[in-house]
Amino acid sequence: MKATKLLPILAVVLCVPGIALRALHLLNGFDVSTGLPTAGDKWIWFVIALFVISAIVYAVLALPLKTRNKVPFEQLLGTKETLFRMAAVVAGLIIAAGSLGYLYLTITTAEQDVAAWARVLEIVYAIMGVLTGGCMISLAKAQGVQMTEKSAAMTLVPLFWSCLHLLVNYRMTCTDPKLASFGFGLVADVMIVLAFYELARLLFGKPAPLAFFAAVSVTMSVSDIGGYGLAMLMGIPSMWSIKMVLRGILAAAACVMLAAELFCLCRSDAAQTAAED
């Protein structure tokens with residue numbers, strides 16, 4: 001159980017080499033003039049190796065949490081910690097504000113060859129983002145008191161938003177010849193969906209999958225957008241649209257909330273309670 005406490009720490013710490021390797025991949029693995037991937041890039045394998053090894057480590061560290069399947073949700077994630085609430089508020093405000101900005105860009109920016117249904121999808125995605133920000137803040141407050149059916153339902157809004165986030169990201173990138181530069185972000189988006197699904201499902205037990213998917217989401221998503229930002233600072237031309245960058249920031253903000261939940265799930269007093277039960 002003591003090793004499990006390292007899980008959220010590793011998920012955050014491994015973002016540092018993840019950002020560095022992702023930046024080197026973007027700097028060396030793509031043609032500067034076209035943005036297309038180049039042959040023989042070795043950095044992509046270092047990035048893949050880091051993510052695969054970290055996922056294996058996270059799975060091993062999350063295994064002891066299987067003993068907590070019968071521990072109530074309130075004991076696993078109930079907390080009045082100020083830092084947890086601060087993280088939830090920051091994440092919620094970033095997602096809400098970023099979604100408003102995304103809504104503005106979607107309405108005011110004319111994009112070529114974009115179907116009407118696709119614009120409607122992005123508008124719905126942005127509106128759900130605003131609602132998700134509010135639900136994250138409210139959920140963090142509810143975790144400090146007795147969870148009710150109404151407050152537990154707030155876990156569903158981030159889940160629906162994450163599904164829309166994945167759908168919008170895939171629609172915007174699936175036919176782009178520069179898909180290789182988006183690939184890690186798309187995998188991270190899948191992990192975010194699964195993490196929010198497991199968070200909602202945690203009301204019925206099984207905390208181990210939440211810990212695993214949340215940890216992988218944090219490392220992959222922050223490494224992806226952080227690596228792109230670092231590569232931009234190091235001089236590569238813009239490869240992503242402003243809306244793509246904004247979606248990456250929203251994903252990273254969602255991972256702040258997931259990281260906060262992960263710290264609560266793996267904290268020592270919860271582990272002790274589970275061991276006693």
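Is E122 buried or exposed? Select E122: its relative accessible area is 0%, so E122 is buried (buried means under 20% relative accessible area, exposed over 50%, partly exposed in between, with a 1.4 Å probe and protein chains only).

Before going on, note that this is a predicted model, in which local features need pLDDT of at least 70 and side-chain atom pairs count only at pLDDT 80 or more, while totals for chains, interfaces and linings use all residues. Residues are numbered from 1 along each chain as its sequence is written, and side-chain values use heavy atoms, with hydrogens and water left out.

**Stop 1: E122 and R171.** The side chains of E122 and R171 meet in a salt bridge, at 4.0 Å from N to O (a salt bridge is a side-chain nitrogen of Lys or Arg within 4 Å of a carboxyl oxygen of Asp or Glu). This pair links distant parts of the chain: E122 sits in helix α6 (residues 116-142) and R171 in helix α8 (residues 156-173), 49 residues apart. Helices here are DSSP runs (H or I, at least four residues), numbered from the N terminus. R171 has 22% relative accessibility and therefore counts as partly exposed.

**Stop 2: R22 and D224.** Select both residues. They form a salt bridge whose closest N and O atoms are 2.8 Å apart.

**Stop 3: R201 and E198.** Which helix holds this pair? Both are in helix α9 (residues 179-201), and because they are 3 residues apart, about one helical turn separates them. E198 is buried, with a relative accessible area of 7%, whereas R201 is partly exposed at 27%. To see how salt bridges can share partners, select E122, R171 and K243, which are joined into one network.

A search of the whole structure finds 4 salt bridges.

**Stop 4: S217.** Return to helix α10 and select S217. At 0% relative accessibility, S217 counts as buried. What does S217 touch, not counting residues up to four places away in sequence? Its contacts (heavy atoms within 4.5 Å) are A188, M191, I192, A195, V222, C255 and L258.

Key:
Helices (H or I, at least four residues) and strands (E, at least two) are DSSP runs, numbered from the N terminus.
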